[in-house]
Amino acid sequence: MAFKIQVLSAPPRTIEAAYGESLSQALLKAGFPLNVYCGGKGICGKCLAEVVDGTIPPPDQEEAALLRRAGAGPRFRLACLLPVRSDLVVKIPANALLPRIQGLTAGILPSFDFDPAVKKFLVSLDRDRLSPPLLEAGVADLLKLPPDDAWRRDSWPLVREAIRSAGREPKVYTAAVYEEKTLLDFAPGESSDEAFGLAVDLGTTTVVVELVDLVDGRILGKAFGLNGQSRFGADVISRISHAILTPSHAEELKEAALETLSGLLARAAAEAKIAPESIYDIAVAGNTAMNHFLLGRSVRTLSVAPFEAEFQALPPLEAYDCGFRVQRRAKLFISPNIGSYVGGDITAGLLATGLLNKPGHYLFIDIGTNGEIVLKAGDRFTAASTAAGPAFEGASLSCGMLAVPGAVDRAVWSDGALSVTTIGDRPPAGICGTGYIDLLACFLREGLISRNGVIAGGKSSIAVAAGIAVSQKDIRELQLAVAAVRTGVELLLRRHGLSPRDLDGLYLAGAFGNYLDIENGRAIGLLPEIDLAKVRFVGNASLAGARAMLLSRRARSEAVRIAETVDHVPLAADAAFQDIYIRSLVFPEPTIPSQSDRKETS
Amino acid sequence: MSAKDDLLLSMKTSVVDGNRAESERLARESLQAGLDPLESIDKGFAAGIQEVGVLWENGDYFLPELVASAECMKAAMAVLEPALSASSRQASRLGKAVIGTIEGDIHDIGKNLVSAMLQAHGFEVLDLGADVKLERFIEKAEAESARLICVSALLTTTMVNQKRLIELLHQRNVRSKYKVLVGGAPVNQAWADAIGADGYGENALAAVRAAKTLLARS
């Protein structure tokens, strides 16, 4: 027999519950965003519900204690401990709702249930509980952990030590529990709101860290900087070359990564005003070489054909032992690798887009030194990496520079002349990737260069601003970079018998992606012919994915599933690769922008 | 201008334009018209390839044009070669080259371009493909009495194998029999000098120039 439960909290609704079912189960089943932090075990005291009307049994001693601690009023109960035995009218207070996991941009990050791997609970040890024969199993029971061998071996010593140093006095302790299995911390006092995680985007060039509150999902601090490994080589391959020479080189790369990360961690922690010792969990999204370096794994097999990674997915590691100065028992989760040159950063990016569970055909492109491309064709995922080279990052071009103040980042052709803007409105000091893309597109439309990339009128360069120009050689470099990405896209589409028209969407990731003019990207062939409306910028999707892995255990298992699901194909081995690559060096035919592209054109 | 000169000029133009069908047609026409195939190659098609080289150096031509022209040359040679006398065939050949992408590396577009341009310029090329074992370069060169070994590497992690190849040639006491030409994105003249290679080509045409110089000297 079913009861009716009227929920007065916005938006008001009426749901049904079976006899004896807990109120939390009924609410969750109906899709209500209730925060059952401890999984409905009755140990966290967070899923408060105010019972406005209905017949309910009184709370038992444990529930009453939790309610007291939460400072809840007389009509309040814990939804997970309340069996439904009559029709009810309830109100759910705002602090019992699931925290929202912050996404990249509104609406892009899929909703993952808030369910961090690390959770903190308060444990009251009164005089009865402190009596030795009951203590060991008693604490396990309070935390709803099985008092098995693993408990005795890994967790219990922490409890014993904490109680001993606290003088065996009745006290409230705070426990940090990992994956509902292992104790990470057991300390006197109430600190259940001090649990933090570190999300890391470990890029070849740039490293970004984010401090995340594991209790309410908020982002508390952020820091980024250059990867200290850069002094051993600008790109992945040269760092691999360095690492395989001698074991001490590999150690240097590991230390450089850790040094970078500890500097960034200190900055983010200072901004958030938290102690690094209260960081219990770290999630790292990095390319395959980066995560191998960080863990001191051998990159020998990554250096030569058939280019294999030493690992794909790893069980959670001990962060402290891996060199992170955080809480002593904190865990380290490495976003799993898809293949040798499509790493955990792409796994995290895909996770952040929610593509795994989206019907349709999608393309995911992350343009950096390597252009990684993932095609979702129906339920099949194929990934490839293309050697786009450093041109889009400004290297190897006569006036190229990173996207920093003074870089020409936009160019338009208006009233018969080129007009450019720079980052920070500074005097032009050089040109960054987005600037080159705009410039090439303008030059093509205006016939200043041919589709073959030749500058018209026998000139050797085209002036952009005082002292800044695009040379014939620059155009050649850019043609090679564009062709690499374009070939990758075309090959992946061909493998699945798709054309750009069949795509339901295109996700552009990477710092570069955010500022790219899509129409110009299409005009030079960097992006496939796809409606502007279907293109989504997802920015630093890797970081967003790492954050999701801290805040949702399902996100972690999904990341593992992504790495297993996505096929990695070496494009160079494709028989059609060379022909398509050579053909892609010629810029596309000019097309008339479609109706949906509302943009001024020349 | 005579009809023959007209035809030779058309051959050259077809190669410069990358018009493969036209090159093939002109090759057939030249045979029907009784032209000496060696002259068609030298003064017609090969002259076109030379011109392409100039356009490349000027920056007017890029890889797609280079590939198209090499294809023209290949198509014309396929028609003309069977018609060459044994002595002419010998005369049309600059030398035999073994080429491949080094062990551990699978990137072979650059190598393929060098291979095509060497052929277009009259070398007989034995292309071993990618990820070629060091021993195989030597075995093939020995078996075919090649004079040139061309080795490409696209990664800093694999270019060390170019050095190992030269060491292996020394070990086998055959180093002096071959000219070794190295190339690939991370490779430069300094590297070529350091490992004791005989030549280096920054791009496909530079490689052809180096190959010609090396064989002319030996």
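Trainee: Why is Gly521(A) called buried?

Mentor: Count its neighbours. Gly521(A) has 24 other C-beta atoms within 10 Å. A residue is buried if 20 or more other C-beta atoms lie within 10 Å of its own, exposed if 12 or fewer, and partly exposed in between, with C-beta atoms placed from the backbone. The count of 24 meets the buried cut-off, so Gly521(A) is buried.

Trainee: What should I know about the model and its numbering?

Mentor: This is a predicted model: local features need pLDDT of at least 70, side-chain atom pairs count only at pLDDT 80 or more, and totals for chains, interfaces and linings use all residues. Residues are numbered from 1 along each chain as its sequence is written, while chains are lettered from A and ligands numbered from 1 in the order in which they are written.

Trainee: Where is Gly521(A), and which residues is it in contact with?

Mentor: Gly521(A) sits in helix α12 (residues 518-523) of chain A. Helices (H or I, at least four residues) and strands (E, at least two) are DSSP runs, numbered from the N terminus. Setting aside neighbours within four places in sequence, Gly521(A) is in contact with Ile437(A), Leu516(A), Leu526(A) and Leu527(A). Contact means that the C-beta atoms, placed from the backbone, lie within 7 Å.

Trainee: What makes Pro146(A) exposed?

Mentor: Pro146(A) has 12 other C-beta atoms within 10 Å. Exposed takes 12 or fewer, so Pro146(A) qualifies. Pro146(A) lies in the loop between α3 (132-142) and α4 (149-165) of chain A. Beyond four places in sequence, Pro146(A) is in contact with Ala140(A) and Trp151(A).

Trainee: Why is helix α13(A) called largely enclosed?

Mentor: Helix α13 (residues 541-551) of chain A has 11 of its 11 residues buried, so the rest of the structure largely encloses it. Among them are Ser542(A), Gly545(A) and Arg547(A).

Trainee: How do you know that both faces of strand β14(A) are covered?

Mentor: Check each side of β14 (residues 331-334) of chain A. Lys331(A) and Phe333(A) are on one side, Leu332(A) and Ile334(A) are on the other, and all are buried.

Trainee: What makes β14(A) a partner of β12(A) and β13(A)?

Mentor: Count bridges. Two strands pair if DSSP finds at least two bridges between them. Strand β12 (residues 279-286) of chain A and β14(A) have four, in the parallel sense. β13(A) and β14(A) have two, in the antiparallel sense. Both counts reach the cut-off of at least two, so both are pairs. In these pairs, Leu332(A) stands opposite Ile282(A) and opposite Leu317(A).

Trainee: What is the strand order of the six-stranded open sheet, and which are its edge strands?

Mentor: The order is β11-β10-β9-β12-β14-β13 (chain A), with mixed pairing. β11 (219-226) and β13 (317-318) of chain A are the edge strands, as each pairs on one side only. Strand β10 (residues 206-213) of chain A pairs with β11(A) in the antiparallel sense over seven bridges. There, Val209(A) stands opposite Ala223(A).

Trainee: Why are β2 and β4 of chain A said to stand at the edges of the five-stranded sheet?

Mentor: That open sheet runs β2-β1-β5-β3-β4 (chain A), with mixed pairing. β2 (13-18) and β4 (76-78) of chain A each have a single partner strand, so one side of each is left without a neighbour in the sheet. For β2(A), strand β1 (residues 2-7) of chain A pairs with it in the antiparallel sense over six bridges. Val7(A) stands opposite Arg13(A) there.

Trainee: What makes a nonpolar core, and which residues touch the most other members of the largest one?

Mentor: A nonpolar core is a set of buried Ala, Val, Leu, Ile, Met, Phe, Trp, Tyr and Cys residues joined through C-beta atoms within 7 Å. The largest one has 255 residues, and Val200(A), Val209(A), Ile282(A) and Met117(B) touch the most other members. Helix α11 (residues 472-495) of chain A gives the most to this core, with 12 residues. Met117(B) touches Leu66(B), Ala70(B) and Ala204(B), among others, not counting residues up to four places away in sequence.

Trainee: How many residues does each chain bring to the contact between chains A and B?

Mentor: Chain B brings 18 and chain A brings 23. On the side of chain B that touches chain A, α4(B) gives the most, with four residues.

Key. Contact = placed C-beta atoms within 7 Å.
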